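Keep the 3D view open and find each residue as it comes up.

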Amino acid sequence: RTGAKINDDIWVTGTIGESSIGLKIKQKKIKINNIDKKYFLQKYLFPRHSSIGNKIINHVSSAIDISDGFYGDLENLIIEKNIGASIYSNLIPFSHKTKKLIRKKVVNFDYLLSAGDDYELIFTANSKKCLMIKQLAKNNNIKITKVGRITQKKGIYLDKKKIKIINKSFQHFF
């Protein structure tokens, strides 16, 4: 968890936010069509853990599973080293179904990055490992996405705007 270095790439496996949408459906806080409802409930009730961890271990500088939310777990990778992370919202891996709910304002983008139980991985790696990591993902049929870079500037920045994290969840820009 503490090996991230300045200029390392930040990667995410799979897609983000689906389990939290399933939880909101189960709590009856959002309503969507039955086909999508079943999809998101399945993601919440029967989460799948990313299986690439043991295959990339020798190629990454740090890694953590996304159990406390993307923002909270990313913060865990950088906080002890007093470094930062620059993330680009257009690179965050959301499923087509999740993107549709964001567009329709059924769910909030920032909520999805704060919610937990995705059980995907956030990891960092030297940019020289990019092709190796992509090849391992392809060989193992695992979706991975490069979402940003480790920076010297402390904190987490989304599209160059610093976010404030309180209790491991997104609060607001400042």
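1. **Contacts along the chain.** Two residues are in contact when heavy atoms of theirs lie within 4.5 Å. Keep in mind that this is a predicted model. How much of the contact in the protein, at a separation of 6 or more, comes from residues 24 or more positions apart? Such pairs account for 80% of those contacts.

2. **Overall build.** The protein has 7 helices and 8 strands. Its C-alpha trace spans about 45 × 40 × 25 Å along the principal axes. For 174 residues, a compact globule would have a radius of gyration near 16 Å, and the protein agrees because its own value is 16 Å.

3. **Surface and burial.** Of the 174 residues, 48% count as buried. The accessible surface comes to about 9600 Å². Carbon and sulfur atoms make up 50% of that surface.

4. **Charge.** There are 33 positive side chains and 14 negative ones. The centres of these two sets are 5 Å apart.

5. **The largest nonpolar core.** In soluble globular proteins, nonpolar side chains tend to be buried together. Here the largest nonpolar core holds 34 residues. Which of them have the most contacts inside it? They are F70, I87, I92, I122 and I156. Helix α4, residues 70–78, gives this core its largest share, 5 residues. Another core lies apart from it, with 12 residues, including W11, L121, A137 and I142.

6. **I92, seen from inside.** Set aside the neighbours within four places in sequence. I92 is then in contact with I16, F70, I87, F109, L113 and V147. Two of the names here, F70 and I87, also stand on the list of residues with the most contacts inside the largest core.

7. **F109.** This residue sits in helix α6, residues 109–114. Buried or exposed? F109 counts as buried, because its relative accessibility is 19% and the cut-off for buried is under 20%. Beyond four places in sequence, F109 touches S89, I92, F94, I102 and L158. F109 and K162 are 53 residues apart in sequence, and their C-alpha atoms are 16 Å apart.

8. Y111 is partly exposed, because its relative accessibility is 27%. Leaving out residues up to four places away in sequence, Y111 touches S20 and K24.

9. **Helix α1 and its cover.** Helix α1 covers residues 18–26, and E18, S19, S20, I21, G22 and I25 in it are buried. What covers them? The cover includes α2 (34–45), α5 and α6. Just after α1, K28 takes a positive phi of about 65°.

10. K31 lies in the loop between α1 and α2. K31 counts as exposed, because its relative accessibility is 78%. K31 and V106 are 75 residues apart along the chain, yet 8.4 Å separates their C-alpha atoms.

11. N82 is not a glycine, but its phi is positive, about 55°. N82 is in the loop between α4 and β3 (84–87). N82 is partly exposed, with a relative accessible area of 46%. K105 is not a glycine either, and its positive phi is about 60°. Where is K105? K105 is in the loop between α5 (96–103) and α6. K105 is exposed, with a relative accessible area of 72%.

12. **D65, on a strand.** D65 lies in strand β2, residues 62–65. D65 is partly exposed, with a relative accessible area of 27%. Not counting residues up to four places away in sequence, D65 touches D73, Y119, E120 and L121. One of these, L121, belongs to the core of 12 residues. D65 and T13 are 52 residues apart in sequence and 9.5 Å apart in space, C-alpha to C-alpha.

Definitions and conventions
Residues numbered from 1 in each chain as written. Predicted model: local features only at pLDDT ≥ 70, side-chain atom pairs only at ≥ 80, totals over all residues. Heavy atoms only, no water. Core = buried A, V, L, I, M, F, W, Y, C linked by side-chain atoms within 4.5 Å. Buried < 20%, exposed > 50% of the residue type's maximum accessible area, 1.4 Å probe, protein only. Helix = DSSP H or I, 4+ residues; strand = E, 2+ residues; numbered from the N terminus. Rg over C-alpha atoms; globule rule 2.2 N^0.38 Å. Areas by Shrake-Rupley, 256 points an atom, 1.4 Å probe, with all protein chains shown as cover. Lys, Arg positive; Asp, Glu negative; His and termini not counted. Charge placed at Lys NZ, Arg CZ, Asp CG, Glu CD.
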